[in-house]
Structures are given as C-alpha cells and as structure tokens.
Amino acid sequence: MKLYFARFGGLVLYLILIFLAIKLSPVFKPFLFLFALTPMLLFQATSVTYDTMSIGLSFLIFALVLRYSQASRKMTLVDLQVMILVLLLHRFAKDGYVFFPLLFLIIPKSNFSSVKKAFIFYSFIVAYGFFLYYLPNLSWYNHINSLDLHSFQPLKKDFLHSFPMNLDIFLSDLGSGVSNIFSSTLHHRQDWFSGVIGRFGYSYKTLPQFLIIIHGLVLVLLAFFSPEKRPEFKSLQKFSILLVGIISIAAIIVGFYLNSPVGATSIFGLQGRYFIPAIPLIFFALYNQKFRNAKWEDSSKLVLSIYSVLVLLYTVNFIYDEFYI
C-alpha cells in the first residue's frame, strides 16, 4: 500500500511540474502537453524513481528559458532566485544533465537594465553550471555513502567496471573509442528511440512499432506546425537550445560508454528514457511561425486531447496484457 501512495505522490508531483512548465512557457505549449503525456513519461512518473522529478524539472527549466528569453521580459531578482532553485533541485534529482544551466545564456542582454548586470549574470551561469556539477558530491552523496547501505564492488556480473581505466583506454586510442561509440549508437538506435516513447519495466516490453512511429511523427508535426500566435524566436536562440540538447545526449552516451565494463567496445546499460529531458530541446529547432494552418489552430486542442486519450488507453491495455495476464 505504501508503494502505491509513493507512486501516486510521484504522479501528482510530475503533473504539478508539467502544469507549471506549460503555464509559464510563452510558446511550444501543445508539444510540451503531448510529450508530457507520452506513455513512457507517464510510466516513469508513476514509478518510485528519481526520473519523476528529473523529467518534470527539465520541462520547467526549458519553460523558464523560453519565458526569460522573450524580448519583452525583464529579468528580476525573483526570476534569478527561481532559476537557481529549479537548477539546484534538478541537479540533485539526477546525474547526467550538467549542461542544462547553459540554456539560460540565450537570454538577450537587452532583458537586463545594464550591460554590466548582463555580463555578471552570464558569468554567474557559466561558473554556477560548473560548480553545480560537483555540489551533490560534496553534500548529498557523502551523506548517502555514510549510511553504508551497500559495500562497493568493482566486479558486477563478472565484469570489471572502472571509469578511470576506461578513460585511459579511450584517450590512448581516441579513434577507436569514437568509432565504438558511433557503431554502438547505430546498433542501439531503435531500442533507444523506443525507450523514449514506450519501453516498460525490467523486462523492457516495447509498444508496437507502428504506435511508436506514429507518435514520433505526431511530435515532429506538432513541433513544426505549432498552433500558436506568438513571437518568433531568433535562429541563434533556437540553435543554442538545440546545441545544448545535442551535447546533453552526447554526454550521456559517452558517459555510459566510459562506465561500461573495462575494454568493452559496446555501450552497456543505456536506455532511451535517459534522453527524455533533452528531447524538447531537440524538437524546438523545428518551431516556427512561417508554416501555419488556421483550421489546425482552431481544432488542435480537441484533436490532441482525443489522440492522447486513445494512446494512453491503448497503453494501459497493452501493459495489462503484458504484465498481468
């Protein structure tokens, strides 16, 4: 019973964070709505895992970046405090997304009362981003390790795991290491893509391929034909957001490669759900105001609501058949 209360609490927290993200974001609301209701994201939201907070806060960071980067928005002390709090919670929630603070660098200097304040703000974000990476190691992780919940074992399932050893091997033969990462990425690409949409449980039951492809295409079309009447973002801003998304995904892939068994030529343990926080950053590159359709703008809310309900009903039935029958 306690486990179900924990899952329900996680879902409530996730929905609150997603609601705030959609509410605060000046654009891209339909995409955030549909992607947040993607089966895999809701599955993680109802699990007792740090992904619940990590994914929800990632949406909120993205929404705050879009909000603060608007030309009509002037940065205040309260905005800075909110930003710091969200970044802190996000960093403590889960490893792997250290580049997210760099998103705030797209805020134009015109949003500050002076060039000096803008320079101080940008410098603070860069310095804070690097410091933030080590902050959990200096506080939270030390407390967890002091509990001695389990003894460290370098041998896991008959494999030797050592990040320093793998890093030495990688740097000594950089060409082979990069080649291994690319070949492994190509090999696992379908599983990773499926893991973003719907790949459930420790048995990794995957939604049917047709549904994964359809949902992926709907997300692409929704990002491209966004039914919103909002100001256009500058190309440099969109490119910067895209770059942070690409770097974040690349860092996750390289990190898992270096944490694989020593000497392994393939990536071990990486799942598509780890890419979820960076997906909105990638899709935002498609956002535009040049291609619009009046009929779609009028009917989008109803269509997206019906589509989401149908996909989730199918997913519930799929999970019940796979796990409980």
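Colleague: Happy to start simple: what describes a pair of aromatic rings?

Modeller: A pair of aromatic rings is described by how far apart the centres are and by the angle of the planes. In this predicted model, the count comes to 23 aromatic pairs.

Colleague: Let's take Phe28 and Phe62, then. Is that pair stacked, tilted or edge-to-face?

Modeller: The ring centres of Phe28 and Phe62 are 6.2 Å apart and the planes stand at 80°. Planes over 60 degrees apart count as edge-to-face, so that is the label for this pair.

Colleague: Which parts of the chain does the pair tie together?

Modeller: Phe28 sits in the loop between helix H1 (2-24) and helix H2 (29-36), while Phe62 belongs to helix H4 (residues 51-68), so the pair ties together parts 34 residues apart in sequence.

Colleague: And are these two residues buried or exposed?

Modeller: Phe28 is buried, at 0% relative accessibility, and Phe62 is buried too, with a relative accessible area of 2%. Phe62 also forms an edge-to-face pair with Phe284, at 5.7 Å centre to centre and 80° between the planes. That pair links distant parts of the chain, as Phe284 lies in the loop between helix H12 (279-283) and helix H13 (294-323), 222 residues apart from Phe62. Phe284 counts as buried at 0% relative accessibility.

Colleague: Which residues do ring pairs link into a cluster?

Modeller: The cluster holds Phe28, Phe31, Phe35, Phe59, Phe62, Phe233, Phe283, Phe284 and Tyr287.

Conventions: Residues numbered from 1 in each chain as written. Predicted model: local features only at pLDDT ≥ 70, side-chain atom pairs only at ≥ 80, totals over all residues. Heavy atoms only, no water. Phe/Tyr/Trp six-rings, centres within 6.5 Å; stacked < 30°, edge-to-face > 60°. Helix = DSSP H or I, 4+ residues; strand = E, 2+ residues; numbered from the N terminus. Buried < 20%, exposed > 50% of the residue type's maximum accessible area, 1.4 Å probe, protein only.
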